[in-house]
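I opened this entry to note what I looked up, beginning with the charges and then turning to the fold and one set of strands.

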Amino acid sequence: MSGFGVPRPTEPEEVAEPVVLTDDAELDLSVDEAVARVEDTLAALDAELVGLASVKRRVREIASLLLVDRARGQFGLTSSRPTLHMSFTGGPGTGKTTVALRMAAILHALGYLRAPRVHTVTRDDLVGQFIGHTAPKTKEAIARAAGGVLFIDEAYYLFRPDNERDYGQEVIEILLTEMENERGDLVVIFAGYPDRMATFFSANPGLSSRVPHHIAFEDYNHAELVQIADLMLTSENFRFDEAAHAAFSEYLTRRMRRPRFSNARSVRNAIERSRLRQARRLVELRRPLRKEDLVTLTADDIYGSSVFLAEPAESQ
């Protein structure tokens, strides 16, 4: 009798044991595809972010640690899996989220994460409003980040010692357990302002002991912010004319002295508002437009900001 239509039982595939190199073998890291992907990610980080030399150095150090750990494994040298939970401290607009995305790509390339995914949350995504509500919310966020990075922005808002009925402490306790139990499946990055993060960790020593990598993001200086503006414009097919470039430099000098300045975020907002003023100016010309008109921001588009008004006002 023929066996047409009857699936034959399949033998389970044998998983090949990893080959352990001999003691006198040599390992060339440059031919490892994962190393190439890491280098591509680091190059992208250099291209995306102006300055931040100390941050980029720390990211490279962590990548090097993991590359060497991977090489040790190929020689059969066993050691505990590196703890990769991190703290990113710095002001707004200093590139913390961008670095988190690139770090996830590096960890994925080296096999420490299942996916190059970053799930960003704040207190509102984790803390419930009534008894029994916090644990499900926190575990849902952890589940969504599983295999990738859980990025907790403004993490210090989880800790409110002045409120005995606050449920933020329950989030911290759940995170402590999951960070230890899921070391091979989840990386948690806590982010926020430096002074508040220092208080947050000092009040939660158990949490601090599970976060070995603390990376500080410095504010950008004036020259770096001008460079960031030029990169943003180029990426959007715009440019400053010579007078506009000088005007924007003056704008930054004034804006940096004002409250709520947010580094690259404020630069992006300023460019967006300059584009609004450019659009209004071009429409009011009531003549045919050339490509040069459409790509060029002029000094008038910059000087329209309220930072140039005599009386202090909210910047626009």
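I began with the charges of this predicted model: in the protein chain, the mean positions of the 39 positive and 47 negative charges lie 7 Å apart, where Lys and Arg count as positive and Asp and Glu as negative, with His and the chain ends not counted, and each charge is placed at NZ of Lys, CZ of Arg, CG of Asp or CD of Glu.

I kept the conventions beside me: residues are numbered from 1 along each chain as its sequence is written, and side-chain values use heavy atoms, with hydrogens and water left out. Because the model is predicted, local features need pLDDT of at least 70 and side-chain atom pairs count only at pLDDT 80 or more, while totals for chains, interfaces and linings use all residues.

Next I looked up the secondary structure, and found 13 helices and 7 strands in the protein chain, taken as DSSP runs (helices H or I, at least four residues; strands E, at least two) numbered from the N terminus. I then read a radius of gyration of 25 Å, well over the 20 Å that the globule rule gives for 316 residues, so the chain is more spread out than a compact globule; the radius is taken over C-alpha atoms, and the rule is 2.2 Å times the number of residues to the power 0.38.

Last, I turned to strand β3 (residues 149–153), where 4 of the 5 residues are buried, meaning under 20% relative accessible area with a 1.4 Å probe, protein chains only. I noted that β3 runs parallel to strand β2 (residues 118–121), joined by 4 bridges, with Val118 opposite Val149. On pairing with strand β4 (residues 187–192), I found 5 bridges, also in the parallel sense, and Ala191 as the bridge partner of Asp153; strands pair if DSSP finds at least two bridges between them.

Terms used. Buried < 20%, exposed > 50% of the residue type's maximum accessible area, 1.4 Å probe, protein only.
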